[in-house]
Amino acid sequence: MSDDATPTPKSPLNGLKLTLLAPLSGDEAPVSAAPVTNGSGKHVAARVVIVGSGPAGLTAAIYTARANLEPIVIGGVSGGGQLMITSDVENYPGFPDGIEGPELMGLFRKQAERFGARIVDADVNRVDLGSRPFRLWAAGVEYRAGAVIVATGAEALWLGLESETRLRGRGVSACATCDGFFFRDKQVAVAGGGDSALEEALFLTRFASKVHLIHRRDAFRGSKIMQARAAAHPRIELHLNRTIQEVLGTEHVEGVRLGKTDEPGEETLRLDGLFVAIGHRPNVAAFREWLETDERGYLRTDGATTASNIDGVFVAGDVDDHRYRQAVTAAGEGCRAAIDAERWLEVQEAHQAEAGAVTAR
Ligand code: NAP
């Protein structure tokens, strides 16, 4: 997601209903969107809280809302996940002519809200999953949940160069969809060798006069069809076995200094912009203390279902998937997590009802 100072395109969510729960303070009454509050009105209660509003989170919202679980989605300040920085999505079923990522996410959101999901545009910064109801905090509001679905996705990685950080928003970007427009008739480069890099390079040909695709190895990792398209494009030039040593420029990007991995020496490319597309890191910070991660830092599930190591907490989407990482697989996992949460809540609520009946006898 672009967090740079460069302007972003018109919001794809224009015209769609957004429900923002305001922070509660003291005796202030909760806003009307809050479904249940306790006596002091200091928390918002829900049977299911979904964290994340990418394809996984919003699909979980659609399914849990249609199961009458009245989910609250704490969707993140920027919301929508990685598809918000993806241009053409040609492989999401049902869209034979393709669809822009942000537009697709707008439709997901509209569908979830149609069935009553409440979407909060805030980041979860702390959770307590040690007892039930689970507790989560976002923008100063405490949420209590019978079940939680974690669908926080993964975020873009950077090369880690000082010059890259310094020039972010001044020609260095991780979002071609957001910033490509500013490079009309200019020379840009994309760093990376996966599908993201290939896709960004192809997208940038809509604006740039020349796109240099820089990859550190001699072979791309991305899909064959994208490789073939990039290689055949007249405005894309491939630079294999090249590593970016430095982004050149003081006020804005002027070029890159490249190291060679197949021969001695260095070379310089004159550029106006650099798009970094080298992969993603799972967003687990708020949950690390509670949920098990694998050796790459992605959340673990039990394998057969979306259950995490904590009973009542389910996981869906890119935050636990470093293998497939597709919008459609994330959406599928969101569906699975919703069904898992629904069944789990049903059992819990039946147990509670039984226990209540026994006490009443
Ligand atoms: P990825 O597949 O992990 O590729 C990351 C690329 O960046 C690799 O080529 C890697 O090089 C390179 N890289 C990593 N760290 C680097 C560094 N420090 N310096 C230079 N290069 C570095 O990530 P991705 O391209 O974001 O794709 C992630 C997943 O999403 C994949 O499964 C992909 O298929 C999917 N995806 C699909 C679409 C689509 O279908 N439309 C679009 C985007 C992404 P090495 O190859 O040498 O490791």
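Start with strands E11 (residues 187-191) and E17 (residues 273-276): four bridges join them, and they run parallel. Strands here are DSSP runs of E with at least two residues, helices are runs of H or I with at least four, and both are numbered from the N terminus. Two strands pair if DSSP finds at least two bridges between them. Select Val-190 next; its bridge partner in E17 is Phe-275.

This is a predicted model: local features need pLDDT of at least 70, side-chain atom pairs count only at pLDDT 80 or more, and totals for chains, interfaces and linings use all residues. Residues are numbered from 1 along each chain as its sequence is written.

**The parallel sheet**

**The ligand**

Show the ligand. How many residues surround the ligand? There are 17, and the closest are Gly-193, Gly-194, Ser-196, Ile-278 and Gly-279. A residue counts as near if its C-beta atom, placed from the backbone, lies within 6 Å. Helix H5 (residues 195-204) gives the largest share of this shell, four residues. By class, the shell has four nonpolar, seven polar and six charged residues. Nonpolar means Ala, Val, Leu, Ile, Met, Phe, Trp, Tyr, Cys and Pro; charged means Asp, Glu, Lys and Arg; the others, Gly among them, are polar.

**The antiparallel sheet**

Move to E14, E15 and E16. These three strands form an open sheet in that order, with antiparallel pairing. Its edge strands are strand E14 (242-248) and strand E16 (266-270), each pairing on one side only. On average, neighbouring strands here are turned by 30 degrees against each other, direction ignored.

Zoom in on E14 and strand E15 (residues 255-260), which share six bridges. Pick Glu-246: its bridge partner in E15 is Arg-257. Pick Thr-243: Gly-259 in E15 stands opposite. The hairpin has six residues between the strands, and Gly-249 takes a positive phi near 130 degrees there. Glu-251 is found in the loop between E14 and E15. Is Glu-251 buried or exposed? Glu-251 counts as exposed because it has 8 C-beta neighbours inside 10 Å. The cut-offs are 20 or more other C-beta atoms within 10 Å for buried, 12 or fewer for exposed, and partly exposed in between, with C-beta atoms placed from the backbone.

Select helix H2 (residues 101-114). Its 14 residues reach 20 Å from first C-alpha to last, close to the 20 Å expected at 1.5 Å a residue. The expected span is 1.5 Å times one less than the number of residues. Buried residues of H2 include Leu-104, Met-105, Phe-108 and Ala-112. Among the elements covering them are helix H1 (55-66) and strand E5 (118-120). Just after H2, Gly-116 takes a positive phi of about 100 degrees.

Then select helix H7 (residues 327-360). Its 34 residues reach 49 Å, close to the 50 Å expected. Among its buried residues are Ala-330, Gly-334, Ala-337 and Ala-341. Their cover includes strand E1 (43-51) and strand E8 (141-150).

**Backbone stops**

Find Arg-132 and Pro-133, joined by a cis peptide bond with omega about 0 degrees. Pro-133 sits in the loop between strand E6 (124-128) and strand E7 (134-138).

Next comes Asn-68, in the loop between H1 and E2. Asn-68 has a positive phi of about 60 degrees although it is not a glycine. It is exposed, with 11 other C-beta atoms within 10 Å.

End at Asp-185, in the loop between H4 and E11. Asp-185 also has a positive phi of about 60 degrees and is not a glycine. With 9 C-beta neighbours inside 10 Å, Asp-185 counts as exposed.

Terms used: Contact = placed C-beta atoms within 7 Å. Axes fitted to C-alpha atoms, helices over the stretch in contact; angles between N-to-C directions.
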